[in-house]
Amino acid sequence: MDISQPHDASFPQQIEQTSKRSSHLPLLIAIFVVLVGVAFVPTYLEQVKYHQTKGEIAAVNEALPDMNAAALGKIFTMLPRKVSPSAVHIQTTRDVAFIGNNRLNNLFAPQIRQQQGQASGVIVDADGYIVTNYHVISGATSVSVRLTDGRVLDAEIIGSDPETDLAVLKIDGGGKLIPAAWGNSDALEVGELVWALGNPFGLDFTLTFGIVSAKDRSVNANSRYQKYLQTDAAVNPGNSGGPLVNMIGEIVGINTAIIGPTYQGISFAIPSNVAKSVYEKILKHGEVISGYLGVVTVIINQQVATQLKLPNLQGAAVVNVLKDSPAEKAGIIPGDVIVKWNDEVVEDPQALNHFVSKTEPGDKVTIELIRDEKPVQVEVTAGKRPQGK
């Protein structure tokens, strides 16, 4: 009994110690799992990310086969070879008055100096016709053209249109000229790749590229035609008049403007459909003969819409009708809102000006109006736009 007593006395204590060790076991297991996780989870996550990336690459490869990617890369090297022979470097000379140190002498004998200018253009016909900007040749006493083959040829100004800032030149290339093809600017979509070719800062035949950032962009409030292509292709002084081309080297625009003195990520081009139309009119008539309606219109803001009880802000509100104009003869009156020109929707006065300008004098046009909250249709015979209107 004496032996069993100490044994019996220690038994509860052993149970207690065993219980304590058992209570530590889950904690030990948890610590072990954490340590294993710290060691292996990063590696596991890397594997997951790796396989995810591999899957993404596989999806891209399926959507964009290697042959297409290679073809896209080839475009960047093949376009200059295709378009460069059609691009030209335009050099102009202007006479400008020079104010010298002796102001008294200049009053009676003003000094004239020749100012040199440079810009770009594009050959659009094998006979030597070139399209460029009006502001490139405006006031020039002489114009010459340098080709990619090194030839420098005198250019004749065939005609110009200040309203669209376009001009047509003619050179005699001896039958050795390569024209660029016209593309369809209306078919362009925002995001499409485009390339600009020109002579920025006199750096001959420089190629830059970007995307179509926007369409139908208004730039110059003083211009009758104000809908431009906006791109982020680098355009600088000297690029004016050069071609903007699509992926197959077709002309989709004529580079014409930037914001500020140098390129800041935004450039503007006259759409090719406008440039081609002006070019053809100049070849046919020697000038741009545009349609004429004879109305003064304003943008429809909320105040105008409320006053005329219009359903939206679309259209061009007529505030004045010129005497003896096609509009007066057709019965258009102040307060009318022009919403359609034939089948074309008139978004605003700029759009109306564009549609009218494109119309040939003598053409009959159906105009849809809103008058006193009701739709009205009138037929007008477009006139010839008078000078200065």
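The model is predicted: local features need pLDDT of at least 70, side-chain atom pairs count only at pLDDT 80 or more, and totals for chains, interfaces and linings use all residues. Residues are numbered from 1 along each chain as its sequence is written, and side-chain values use heavy atoms, leaving out hydrogens and water.

User: Why is Thr-256 called buried?
Analyst: Buried means under 20% relative accessible area, exposed over 50%, and partly exposed in between (1.4 Å probe, protein chains only). Thr-256 has 10% relative accessibility, so it counts as buried.

User: What makes the link between the side chains of Thr-256 and Asn-133 a polar contact?
Analyst: A polar contact is a pair of N or O atoms within 3.5 Å; within protein, one must be able to donate a hydrogen and the other to accept it, and residues adjacent in sequence count only if both atoms are side-chain atoms. Here the distance is 3.2 Å.

User: Why is Phe-209 called partly exposed?
Analyst: Its relative accessibility is 43%, so Phe-209 counts as partly exposed.

User: What caps the N-terminal end of H8?
Analyst: Asp-348 does. One of its side-chain oxygens lies 3.2 Å from the backbone nitrogen of Gln-350.

Technical notes: Helices (H or I, at least four residues) and strands (E, at least two) are DSSP runs, numbered from the N terminus.
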